[in-house]
Amino acid sequence: MGATVGKGVSLLENLPPNQSLHIVMLGLDSAGKTTVLYRLKFDQYLSTVPTIGFNCEKIKGTTGRAKGTSFLIWDVGGQDKLRPLWRSYTRCTDGIVFVLDSVDVERLEEARMELFRTARSPENSGVPILVLANKQDLPGAKDPSDIERLLGLNDLGPNHLWHVQPACAIIGEGLAEGLDALYEMILKRKRLLKQSKKKTR
Ligand code: G3D
Ligand code: MG
């Protein structure tokens with residue numbers, strides 16, 4: 001069966017079985033993105049410095065249906081002067097991880113704006129979003145239902161699948177589950193794309 005890669009065909013549908021899924025990790029500076037990346041990669045806490053540019057690691061899922069699946073995760077610097085770069089990293093991604101500091105209520109609105117800017121850009125249309133509600137170990141951390149409401153995730157509309165996962169990156173809690181939830185959303189999107197293609201045939 002010679003599949004032709006035509007215009008409008010998603011990258012995902014043509015992905016060979018053992019190739020990595022491309023994931024980009026975004027979020028404001030100091031939300032915990034780099035901590036998440038190295039916790040997933042080395043299963044240990046590594047102290048971080050603010051990321052200038054990006055870090056990239058290949059990670060294997062350890063739980064659920066994502067077990068054994070490879071994810072190539074890009075951790076892009078979150079300082080405001082670096083955010084215009086996000087656009088170039090979010091082309092052709094299979095999923096977005098948006099890391100949030102669950103105690104930083106002062107910057108929640110800023111985080112919401114960046115999340116929506118990313119979600120609404122045409123190249124990210126329909127890309128599933130995992131919101132990692134990080135730093136759940138700290139007193140005053142907002143729980144997932146508060147975060148869902150405060151970020152106004154329902155306003156993302158039916159175009160995006162999303163999920164809020166509580167996490168603590170320094171000990172690694174919630175990270176494998178979050179990756180599995182993202183994988184499930186990626187599979188679901190793939191199914192939906194297939195169905196809608198059949199309908200238009
Ligand atoms: P960034 O890559 O999103 O900019 P970093 O964020 O991974 O560099 O983390 C920023 C700070 O948050 C680091 O502390 C890191 O240890 C801390 N952090 C990350 N995840 C958690 C968490 O789950 N709980 C708590 N309590 N802290 C976390 P420092 O002190 O090095 O700036
Ligand atoms: Mg960083």
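Visitor: Which atom of ligand 1 is 3.1 Å from an N or O atom in the side chain of K135?
Guide: An oxygen atom of ligand 1 is at that distance from the K135 side chain. Please bear in mind that this is a predicted model.
Visitor: And how much of ligand 1 does the protein bury?
Guide: The protein buries 75% of the 660 Å² that ligand 1 exposes when taken alone.
Visitor: What about N134, what lies 3.1 Å from its polar side-chain atom?
Guide: That is a nitrogen atom of ligand 1. G32 contributes through its backbone, where an N or O atom lies 2.9 Å from an oxygen atom of the ligand.
Visitor: Which residues come nearest to ligand 1?
Guide: Of the 17 residues around it, S30, K33, T35, T48 and D137 come nearest. The shell divides into 7 nonpolar, 6 polar and 4 charged residues.
Visitor: Which element gives the largest share of that shell?
Guide: Helix 1, residues 33-42, supplies 3 residues, the largest share.
Visitor: Which pocket does ligand 1 take up?
Guide: The space taken by ligand 1 is the largest pocket.
Visitor: Changing topic: how many helices and strands are in the chain?
Guide: The chain has 5 helices and 6 strands. Along the sequence, they follow the pattern β-α-β-β-α-β-α-β-α-β-α.
Visitor: Why is the chain said to be as compact as a globular protein of its length?
Guide: Because its radius of gyration is 16 Å, close to the 17 Å that the globule rule gives for 201 residues. Its C-alpha atoms fill a box of roughly 55 × 35 × 30 Å along the principal axes.

Technical notes
Residues are numbered from 1 along each chain as its sequence is written. Chains are lettered from A and ligands numbered from 1 in the order in which they are written. This is a predicted model: local features need pLDDT of at least 70, side-chain atom pairs count only at pLDDT 80 or more; totals for chains, interfaces and linings use all residues. Side-chain values use heavy atoms; hydrogens and water are left out. A residue is near a molecule or strand if one of its heavy atoms lies within 4 Å of it. A polar contact is a pair of N or O atoms within 3.5 Å; within protein, one must be able to donate a hydrogen and the other to accept it, and residues adjacent in sequence count only if both atoms are side-chain atoms. Accessible areas come from the Shrake-Rupley method with a 1.4 Å probe; for residues, only the protein chains shown count as cover. On a 1 Å grid over the protein atoms alone, a cavity is a set of points where a 1.4 Å probe fits but cannot get out, and a pocket is an open set with protein on both sides within 12 Å along at least five of seven lines; lining residues have an atom within 4 Å of a point. A molecule sits in a cavity or pocket if more than half of its atoms lie within 2 Å of its grid points. Helices (H or I, at least four residues) and strands (E, at least two) are DSSP runs, numbered from the N terminus. Ala, Val, Leu, Ile, Met, Phe, Trp, Tyr, Cys and Pro count as nonpolar, Asp, Glu, Lys and Arg as charged, and the others, Gly among them, as polar. The radius of gyration is taken over C-alpha atoms; the globule rule is 2.2 Å times the number of residues to the power 0.38.
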